[in-house]
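User: I would like to learn how to read a protein model one feature at a time. Please give the general idea first and then the case at hand.

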Amino acid sequence: MWRFEDFVYINIELDKDTVYKGEQVIARYNLYTLYQISNFNITQNPSLPGFWMRDLNDRSYPQTQKVINGSRFRVVELKRVALFPQKSGNLSLDEIEIEGYVKVKRSRGKSANPLEELFDNPFFGGGFYKQE
């Protein structure tokens, strides 16, 4: 049985593993997906206690592709920030939350309803499933 998290997830990527107080580190919140995502928006930005933060986003949501374990993922940069730690010690980055629609193909078994296959088409608004 597959889990949704295996096909759509968000990862935080840093340009450095270790930084000192006041030193800049770039954090990227990237969405990885095997499926087409549409109409997504950020519903909760991360709070970043212990950091001074500068938002580097231009709201264009750049996309790339990356092969992971033989599967080609779309990678969407949701948020990019320059962080400056304001204290020493271990600091954590909070999660970002998004909401949107994921297009998932269902197995095509015979349905008792002949219109189901016709309207399970993105043209008619079908085939999209909401995951929050």
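User: How many nonpolar, polar and charged residues are in the lining of the second largest pocket?

Analyst: On a 1 Å grid over the protein atoms alone, a pocket is an open set of points with protein on both sides within 12 Å along at least five of seven lines, whereas a cavity is a set where a 1.4 Å probe fits but cannot get out; lining residues have an atom within 4 Å of a point. Ala, Val, Leu, Ile, Met, Phe, Trp, Tyr, Cys and Pro count as nonpolar, Asp, Glu, Lys and Arg as charged, and the others, Gly among them, as polar. In this case the lining has 9 nonpolar, 4 polar and 4 charged residues. The model is predicted: local features need pLDDT of at least 70 and side-chain atom pairs count only at pLDDT 80 or more, while totals for chains, interfaces and linings use all residues. Residues are numbered from 1 along each chain as its sequence is written, and side-chain values use heavy atoms, with hydrogens and water left out.

User: How much space lies in the second largest pocket, and which residues are closest to its centre?

Analyst: A volume is the space filled by probe spheres set on the grid points, which are joined across faces, edges and corners. For this pocket the space is about 290 Å³. Its lining has 17 residues, and Asp17, Val19, Phe51, Gly89 and Leu91 are the closest to the centre.

User: Which residues line the largest cavity?

Analyst: They are Asn57, Asp58, Arg59, Ser60, Tyr61, Pro62, Glu77, Leu78 and Arg80. By class, 3 are nonpolar, 2 polar and 4 charged. The volume of this cavity is about 40 Å³.

User: Glutamate 77 is in that lining. Is glutamate 77 buried or exposed?

Analyst: Buried means under 20% relative accessible area, exposed over 50%, and partly exposed in between, using a 1.4 Å probe and protein chains only. Glutamate 77 has a relative accessible area of 13%, so it counts as buried. It belongs to strand 6, residues 71-85; strands (E, at least two residues) and helices (H or I, at least four) are DSSP runs, numbered from the N terminus.

User: What does the side chain of glutamate 77 join in a polar contact?

Analyst: A polar contact is a pair of N or O atoms within 3.5 Å; within protein, one must be able to donate a hydrogen and the other to accept it, and residues adjacent in sequence count only if both atoms are side-chain atoms. Here the partner is the side chain of arginine 28, at 3.2 Å. Contact in the wider sense means heavy atoms within 4.5 Å. Beyond four places in sequence, glutamate 77 has such contacts with Arg28, Tyr29, Asn30, Tyr61 and Pro62.
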